[in-house]
Amino acid sequence: MTPEGPATAPPGHNGDRKTASGLRTHRTPGGKTVRTHLECYPCLVHQAVDAIQRVVDDPETQTAVLQRALGVLSEVAPSDSPPLVSSKIHRALRSATGDADPYKEIKEQSNAFALKLLPRFQERVRASDDPLGAALCLAIAGNVIDYGAKRRVSEQAMSATIENALDAPLDAARVREFREAVEAADTILFLADNAGEIVFDRLLLELLPLHKTTLAVRGAPIINDVTLDDARTAGLTDMLLVIDNGSDVPGTALAECSPEFQNAFAEADLVIAKGQGNIETLFESSQRVCFLLLCKCPLVAGMLGCGVGDMVIRCSDGKPALDPAATTAG
């Protein structure tokens with residue numbers, strides 16, 4: 001795990017189960033993870049095709065590389081979460097193509113575009129009657145910049161989603177729950193998700209107690225997920241302690257993470273987790289977790305009791321309470 005930022009860090013029985021929504025989960029040391037369902041396979045194949053087309057031009061080579069990825073997909077364990085399966089596919093793609101970061105250009109473009117918008121939305125947050133609620137809306141809306149879920153995210157779509165976020169505020173009770181969780185925590189671990197999105201996360205991070213907050217990014221490139229370079233570009237390494245999790249999984253599969261990150265996760269009073277990949281890998285974690293995401297998947301929507309396209313905030317108490325039998329949308 002490679003830290004960057006201020007020199008002083010803040011103090012700091014297995015098996016499958018079916019939820020009330022029919023979503024299958026698998027117990028891991030960090031809690032339950034969402035299993036890879038039949039409906040997940042088309043998305044995983046689309047991910048592979050997208051990555052291949054970004055770095056390989058020859059059709060015959062594209063087909064050969066895709067066949068290699070499909071071979072990996074055919075051998076994954078049924079209990080693996082979608083992000084873990086995705087990482088195995090992308091490792092095979094990187095090996096076959098020799099390109100360690102197929103989404104590098106896209107990440108740079110997303111960061112640059114988001115940084116152009118940042119001053120305008122910083123002013124909007126400052127002028128809001130509820131700055132924390134506004135920052136939460138904008139940070140969640142930033143989760144639209146997800147090339148794991150979508151093959152193309154235009155600047156127009158990014159801008160419209162962010163701009164419209166403040167017209168669709170979150171449920172006040174959810175915001176209050178988040179606020180109380182932050183106030184009660186002595187140590188906070190913020191799990192970032194995607195490049196570009198990380199710039200909008202800055203709006204929220206600026207309102208958190210930075211002296212007791214650590215930002216975590218991926219340990220290696222995977223799709224357009226955020227790495228230390230992206231956090232640096234967003235200006236976050238000058239604001240707070242930034243660490244990587246030692247993993248290339250587009251989520252937080254604790255068994256794949258470095259021992260140092262696992263310790264940071266275990267010692268945090270509150271984990272703030274951005275994006276679907278984190279909810280798929282930390283479902284019903286034994287930690288206190290607040291999940292912030294833009295829902296893009298019908299399976300995840302069923303799990304959370306929300307609609308596809310909804311901005312979602314869910315705070316767990318470290319107990320199995322994220323089943324839709326126990327939660328409602330909002």
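Visitor: At 26% relative accessibility, does Glu163 count as buried, exposed or partly exposed, and what counts?

Guide: This is a predicted model. Buried means under 20% relative accessible area and exposed means over 50%, with partly exposed in between. Glu163, at 26%, therefore counts as partly exposed.

Visitor: With which residue does Glu163 form a salt bridge?

Guide: The general idea is that side chains of opposite charge can pair when their charged atoms come close. In this structure Glu163 pairs with Arg120, and the closest N and O atoms are 2.8 Å apart. Arg120 is partly exposed, with a relative accessible area of 40%.

Visitor: How many residues apart are Arg54 and Asp50 in helix α1?

Guide: Four, in a helix that covers residues 40-55, so about one helical turn separates Arg54 and Asp50. Their side chains meet in a salt bridge at 3.2 Å, N to O. Asp50 is buried at 2% relative accessibility, whereas Arg54 is partly exposed at 27%.

Visitor: Are Arg218 and Asp225 buried or exposed?

Guide: Arg218 and Asp225 are buried. They form a salt bridge whose closest N and O atoms are 2.7 Å apart.

Visitor: Which residues are linked in a network of salt bridges?

Guide: Arg91, Arg94, Asp248 and Glu256 are linked in this way. A search of the whole structure finds 17 salt bridges.

Visitor: Now the cysteines. Which ones form a disulfide?

Guide: To read a disulfide, look for two cysteine sulfur atoms within 2.5 Å. Cys290 and Cys315 form one, with their sulfur atoms 2.2 Å apart. The structure holds one disulfide. Cys290 lies in strand β8 (residues 289-294) and Cys315 in strand β9 (residues 311-315), so the pair ties together parts that are 25 residues apart in sequence. Both Cys290 and Cys315 are buried.

Visitor: Why is the disulfide of Cys290 and Cys315 right-handed?

Guide: The torsion about its S-S bond is about 110 degrees, so the disulfide of Cys290 and Cys315 is right-handed.

Visitor: Where is the closest cysteine sulfur to that of Cys297?

Guide: In Cys40, 6.1 Å away, which is too far for a bond. Cys297 counts as buried, at 18% relative accessibility. Cys306 is in no disulfide, and the nearest cysteine sulfur, that of Cys295, is 3.9 Å away. Cys306 is buried, with a relative accessible area of 14%.

How values were computed:
Residues are numbered from 1 along each chain as its sequence is written. This is a predicted model: local features need pLDDT of at least 70, side-chain atom pairs count only at pLDDT 80 or more; totals for chains, interfaces and linings use all residues. Side-chain values use heavy atoms; hydrogens and water are left out. Helices (H or I, at least four residues) and strands (E, at least two) are DSSP runs, numbered from the N terminus. Buried means under 20% relative accessible area, exposed over 50%, partly exposed in between (1.4 Å probe, protein chains only). A salt bridge is a side-chain nitrogen of Lys or Arg within 4 Å of a carboxyl oxygen of Asp or Glu.
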